[in-house]
Amino acid sequence: MGFTVCNAFSCSTQTSILSNTIGRIHQYPLKGVFFLQKGSIFGYCELGFKPLLAVSNVAVQNGIAENQANEKPRYKWVKIGSDISEEQKQAILKLPPKMINRCKALMQQIICYSLEKGSMSLLLEAWVKSMKPERNDWLAVLKELDRLNHPLYFEVAELSLLAESFEANVRDYTKIIHGYAKQNRLKEAESVLLSMKTRGFTCDQVTLTALVHMYSKAGSLEMAEDMFEEMRLLGVPLDKRSFGSMIMAYVRAGKLSQGEALLKEMEEQEIYAGKEVYKALLRAYSMIGDSKGAQKVFDTLQLGGVIPDATICGLLMNAYIMSGQLSEACITFENMRRVGIEPNDKCIALLLTAYETENNLSKALDVLMDLERDGVVLGREASELLARWFKRLGVVGEVELVLRDYASNLVH
């Protein structure tokens with residue numbers, strides 16, 4: 001679903017709201033006390049905003065006097081009528097029926113938002129002043145904006161952190177940081193982190209894990225390591241997600257031995273990674289032909305309760321083939337069939353590669369006939385590999401037959 005929103009709020013150019021707010025903090029010479037100016041993103045008197053630090057009475061009076069000298073802009077809250085687009089009408093109709101009226105009122109304004117009516121901060125200020133929302137109301141609005149993947153979600157989320165009625169906690173900051181991380185928006189995530197610390201919140205394991213994951217995806221290994229070390233310093237036991245995020249950072253950086261060392265540490269603590277972590281490390285070893293590393297990970301994932309599938313077995317086969325251990329690749333194929341794992345096209349192609357390297361056509365044909373009896377048909381990769389092998393041997397008729405069989409399988 002699309003929304004008509006001013007380009008000033010597009011995801012690619014939006015600057016962090018909290019960063020702009022922090023930028024308005026001025027230091028007065030009065031005992032080094034900080035004061036958040038009245039003209040900040042939310043006026044704390046109207047919206048119930050909590051100042052970041054203790055505020056001097058003199059500084060407050062100066063700020064109020066300055067504000068009174070200038071007329072404060074207001075949001076033009078216009079009742080939503082019939083003069084809106086069909087897309088906006090449909091979006092409003094799809095709002096949850098059980099959503100309470102004050103939340104629906106704000107959602108309607110956001111759906112039909114235009115910069116001409118005033119800034120988003122003024123809109124939220126008007127909502128707070130007239131409808132006195134509680135934390136649950138803020139959460140309901142944010143949940144709906146998130147569900148809609150609305151382009152103004154992050155702006156509203158960041159502004160809500162500054163509202164006293166929202167009663168922000170560390171988990172609210174973590175959720176925004178995690179959301180930015182999923183979109184690889186590191187600067188915005190770091191800005192929210194800075195604001196969180198400025199307001200006196202301490203990073204916990206959940207927040208730091210989100211940061212490790214973010215830096216891991218971005219390829220910033222050093223930052224990921226710093227966040228992971230900070231987690232260790234917290235003195236709380238690390239969990240599956242914390243370890244997994246750091247292992248993935250090492251995998252992406254090509255430091256597989258460090259990743260494997262963390263797997264061993266997890267195993268000693270009887271903590272086991274998720275299947276995707278094992279597969280990522282196994283794939284990395286497979287791609288460089290490190291059969292010993294691949295076999296270690298293959299054994300470890302089974303101890304962790306992960307049942308190997310055709311993809312996992314194929315990665316182990318590939319590691320053996322790349323390291324020249326063709327017989328081990330064939331044994332892996334036989335073992336997977338023995339335990340009832342149906343080979344996929346990649347596994348069959350890898351087996352044919354091993355037999356072609358050994359120039360063992362007879363054995364390859366025996367296996368293919370066994371597969372056919374079991375109802376396993378060749379896929380594209382295996383069929384094309386077999387056709388090239390036959391062509392190299394000068395068996396043109398068999399090439400045509402293989403390709404015809406593959407085309408027939410596609411039809412059926």
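**Notes on helices, salt bridges and loops**

1. Let's start with Arg 373: this residue is exposed, with a relative accessible area of 61%. Exposed here means over 50% relative accessible area, buried means under 20%, and partly exposed is in between (1.4 Å probe, protein chains only). Do keep in mind that this is a predicted model, where local features need pLDDT of at least 70, side-chain atom pairs count only at pLDDT 80 or more, and totals for chains, interfaces and linings use all residues. Residues are numbered from 1 along each chain as its sequence is written, and side-chain values use heavy atoms, with hydrogens and water left out.

2. Arg 373 has a partner in Asp 370, and the closest N and O atoms of this salt bridge are 2.1 Å apart. The criterion is a side-chain nitrogen of Lys or Arg within 4 Å of a carboxyl oxygen of Asp or Glu, and the count comes to 13 salt bridges by this rule. Both Asp 370 and Arg 373 sit in helix α20, 3 residues apart, or about one turn of the helix. (Helices are DSSP runs of H or I with at least four residues, strands are E runs of at least two, and numbering goes from the N terminus.) Asp 370 counts as partly exposed, at 31% relative accessibility.

3. Another pair worth a look is Arg 337 with Asp 374, whose side chains meet in a salt bridge at 2.1 Å, N to O. Arg 337 belongs to helix α18 (residues 326-338) and Asp 374 to the loop between α20 and α21 (380-393), so this pair ties together parts that are 37 residues apart in sequence. Arg 337 is partly exposed at 27%, while Asp 374 is exposed at 52%.

4. What about Glu 188 and Arg 185, buried or exposed? Glu 188 is buried, with a relative accessible area of 13%, and Arg 185 is buried too, at 8%. Their side chains form a salt bridge, at 3.4 Å from N to O.

5. Glu 188 also turns up among the buried residues of α10, together with Ala 189, Ser 191, Val 192, Leu 193, Ser 195 and Met 196. This helix (residues 186-198) has 13 residues and spans 18 Å from its first C-alpha to its last, close to the expected 18 Å; the expected span is 1.5 Å times one less than the number of residues. Just after α10 comes Gly 200, with a positive phi of about 90°.

6. Two residues other than glycine also have positive phi. Asn 149, with phi of about 55°, is in the loop between α7 (135-147) and α8 (153-160) and counts as exposed because its relative accessible area is 61%. Asn 359, with phi near 55°, is in the loop between α19 (345-357) and α20 (361-373); its relative accessible area is 52%, so Asn 359 is exposed.

7. Ser 85 is a loop residue as well, placed between α3 (57-68) and α4 (86-93). At 31% relative accessibility, Ser 85 is partly exposed.
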